[in-house]
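Subject: Structure handover

Hi,

Here is the structure I promised to pass on to you. Please have a look at it, and then read my notes below.

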Amino acid sequence: MTTVMIILSALFMLTTLIPHLPGQHWLIRVWEFPRLQQAFVLALLSLFWCFWYVDEPVLAAWMQAGCVIAFAYQLIWVIPYTPLWPTEVNQYRGNDDTQTISILTSNVLMPNDNYQALIDLVDQHQPDILVTLESNAAWEAALEVLHDDYPHRLFCPLENLYGMHLYSRKPFSNEKIRFIIEGDVPSMEIWTTINQQDVKIHFVHPKPPSPTENKSAEPRDRELTMVGKEMAKLDAPAIVTGDLNDVAWSPTTRDFRKISGMSDPRRGRGFFNTFHADYPPLRWPLDHVFHSSHFELVHIKRMPSIGSDHFPLLTTLRLKP
C-alpha cells in the first residue's frame, strides 16, 4: 500500500513539473490540460500522507509536503476560472438587445450524424451566428434547413476533421477563409455590424498536440500568436472564437490573451468545460470566446450534448455604448 502511494505521489509531482520542460512535444504539453484532475488527485494524496502513519515518518512528511505544494501549484492555474476569482468581464443585466450579438460555437464531430440535435438547439436559442467545426459536406447538406433563417453564410467543408461552416442572421463583409499555418486547417474571419458599429470576428480551430494529430504544439501556438497580434492592431471591437484545442489556463492561451489584449468572460465565473462530453471526469474547456474591451457579457452557457465529443457553447455579448 505505502509503496503504491509513494509511486503515485512521485508521478503526480512529476506531471506537475513536466509542462515546464523545454520543448513542444505532445508528451510534454499534454499535461497542461488535466490540471484540475491532477489537483483533485494530489489533494487526496495529501490527505493520505496526513493521516496514514508509516514506519518512516520523515518520508511521509516529505511526501505530504511535495503533494501539498504540487496541489497548490495546480490550483493556482485553474482557480481564476472559478467564482472564487474576480470576474474579468462586466455582467450586463439590462434588457436592451439592440447592441448584443449571440454566437453558438459547436464542434460537431464529423462522423456524428445527429444533425437534428443541433438544428433543434439552433431553433430553440436562435443565435445571431452559428459556427460549426469538424463539419463536412454531409453536415453542410443536413443544415440546409437553416438557410432561410441564416441567409449569410461562409462554407469550408473538409473531410479531415477541420471543416468549418458559418451561418449568420447578420450581414457580413470582407469575409476570408485563411490557412494561416497549415494548408489543411482553415480559419475564417468576417466583419459585421452591431448597431452601426463595425465588429471583426475570427473563427479558429488549430490542430492539437497529440499522437494522432500534430506531434508538436508549435503549429497551434504559432497560429494563436499570429491571430493575437492581428487582433492587437485593431482599433475596432473584435471577437475570437472556436475550438482552440487548448485549455483556458495554458501558457499559450495566456500569451494569446496578453498579446491580443482580449478578455475571457469565463474568468471568475466557471470552467464551462466543453470536452469530453462522454467522460465527465475528463473534461476541460477547449471551446473559447475572447473579446476586446468594447464588450460586456450578457450570458455564457454550455449547451446540451448533440452527440459530439464537444458540448456547444452559447455566448451573448453586448457592445458597450
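**What turned up**

With a relative accessibility of 22%, glutamate 230 is partly exposed (buried means under 20% relative accessible area, exposed over 50%, partly exposed in between, with a 1.4 Å probe and protein chains only). Arginine 178 lies in strand S5 (residues 172-178) and glutamate 230 in helix H7, so the bridge ties together parts 52 residues apart in sequence. Helices (H or I, at least four residues) and strands (E, at least two) are DSSP runs, numbered from the N terminus.

Before going on, a note on the basis: this is a predicted model, in which local features need pLDDT of at least 70 and side-chain atom pairs count only at pLDDT 80 or more, while totals for chains, interfaces and linings use all residues. Residues are numbered from 1 along each chain as its sequence is written, and side-chain values use heavy atoms, leaving out hydrogens and water.

Arginine 29 takes part in one with glutamate 32, where the closest N and O atoms are 2.7 Å apart, and in one with aspartate 221, at 2.9 Å. The latter pair links helix H2 to helix H7 (residues 218-232), across 192 residues. Both arginine 29 and aspartate 221 are buried, and glutamate 32 is buried too, at 2% relative accessibility.

**Aromatic rings**

The whole structure holds eight aromatic pairs (rings of Phe, Tyr and Trp, using its six-membered ring, with centres within 6.5 Å; planes under 30 degrees apart count as stacked, over 60 as edge-to-face and the rest as tilted). Phenylalanine 33 and tryptophan 284 are edge-to-face, because their planes stand at 65 degrees, with the centres 5.9 Å apart. These two residues are 251 residues apart in the chain, and both are buried.

Tyrosine 81 and tryptophan 249 are also edge-to-face, at 6.2 Å and 65 degrees. Ring pairs join Tyr81, Trp249 and Phe271 into a cluster.

Finally, the charged end of arginine 35 sits over the ring of tryptophan 77, 4.3 Å from its centre (NZ of Lys or CZ of Arg within 6 Å of the ring centre and within 35 degrees of the ring normal).

Happy exploring!

Terms used
A salt bridge is a side-chain nitrogen of Lys or Arg within 4 Å of a carboxyl oxygen of Asp or Glu.
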